[in-house]
Amino acid sequence: QEQTKPINTEQINFPAAVIDMKVVLSKSSAFTTLQKEIQNLEKNYKEEIQNEENLLKKEQEKLVAQKSVLSAEEFKEKEDTFKQKVNKIQGKVEKIRRELESAMAKGMQVIQQEAVKHMKDIAKKEGYLLVFDANTTVISADRINISNIVVERLNKSMPKIKVEKKKEKIKTFLYVLVSPSA
């Protein structure tokens, strides 16, 4: 039988690298600020909605108290109006939730695009022909993982990201993502 010699992996020069975008995002200062901004917006909206819900509860109590005094027709009319207000608030909550999710997704996309620029630059400078996703790679040597290098550069080029709430004429909320390089 032939004896196999141990392979010195330091001498293998394969032109490939791996990157873990989850790690890049989690260590990104821009992603951290994005999360905080979204949480602050969410908190502000929750307070606003809570106030509206409290007003609705008071209105509901008044409506219940008036039930014995109002005719069936008048009560039904007021009850329908009340239900419309409740539906309007529920629609508003759903709309806000969608807008916050959309803002988060757009923010992540902006950060990832910036990370990809750095990844391409590193690959070009280091001569990597392939960059694999670390999450779909079975085994990779730590020395070819460029995640931390990308994070370093990303945090310099995009230290934070701003989410701004703007009102339009139709009272729709838009979220504009601003990076320092923009």
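This is a predicted model: local features need pLDDT of at least 70, side-chain atom pairs count only at pLDDT 80 or more; totals for chains, interfaces and linings use all residues.

**Helices α3 and α4**

Let me begin with helix α3, residues 72-126, and helix α4, residues 147-157, which pack at an angle of about 125 degrees with their axes 9 Å apart; the axes here are lines fitted to C-alpha atoms, for helices over the stretch in contact, and angles run from 0 to 180 degrees between N-to-C directions. That angle makes α3 oblique to α4, on a scale where angles under 35 degrees count as roughly parallel, over 145 as roughly antiparallel, 65 to 115 as roughly perpendicular and the rest as oblique. The crossing of α3 and α4 is right-handed, meaning that the near helix is turned clockwise from the far one by less than a right angle. On the α3 side the contact is made by Ile 111, Glu 114, Ala 115, His 118, Met 119, Asp 121 and Ile 122, and on the α4 side by Ile 149, Val 150, Arg 153, Leu 154 and Ser 157, where contact means heavy atoms within 4.5 Å. Sorted by class, the contact of α3 with α4 has seven nonpolar, two polar and three charged residues; Ala, Val, Leu, Ile, Met, Phe, Trp, Tyr, Cys and Pro count as nonpolar, Asp, Glu, Lys and Arg as charged, and the others, Gly among them, as polar.

Residues are numbered from 1 along each chain as its sequence is written, and side-chain values use heavy atoms, with hydrogens and water left out.

Leaving aside neighbours within four places in sequence, His 118 is in contact with Val 150, Arg 153, Leu 154 and Ser 157. Arg 153, in helix α4, is partly exposed at 30%, and, not counting residues up to four places away in sequence, Arg 153 touches His 118, Asp 121 and Ile 122.

Turning to helix α2, residues 29-66, the axes of α2 and α3 come within 11 Å and cross at roughly 175 degrees, so α2 and α3 are roughly antiparallel to each other. Their contact has 20 nonpolar, four polar and eight charged residues.

What about the core? The largest nonpolar core has 35 residues, and those with the most contacts inside it include Leu 34, Ile 38, Ile 111 and Val 150; such a core is a set of buried Ala, Val, Leu, Ile, Met, Phe, Trp, Tyr and Cys residues joined through side-chain atoms within 4.5 Å. At least two residues of this core come from each of β1, α1, α2, α3 and α4, and α3 gives the most, with 12 residues.

Finally, the whole protein has four helices and four strands, taken as DSSP runs numbered from the N terminus, with helices being H or I of at least four residues and strands E of at least two. Of its 182 residues, 26% count as buried.

Terms used. Buried means under 20% relative accessible area, exposed over 50%, partly exposed in between (1.4 Å probe, protein chains only).
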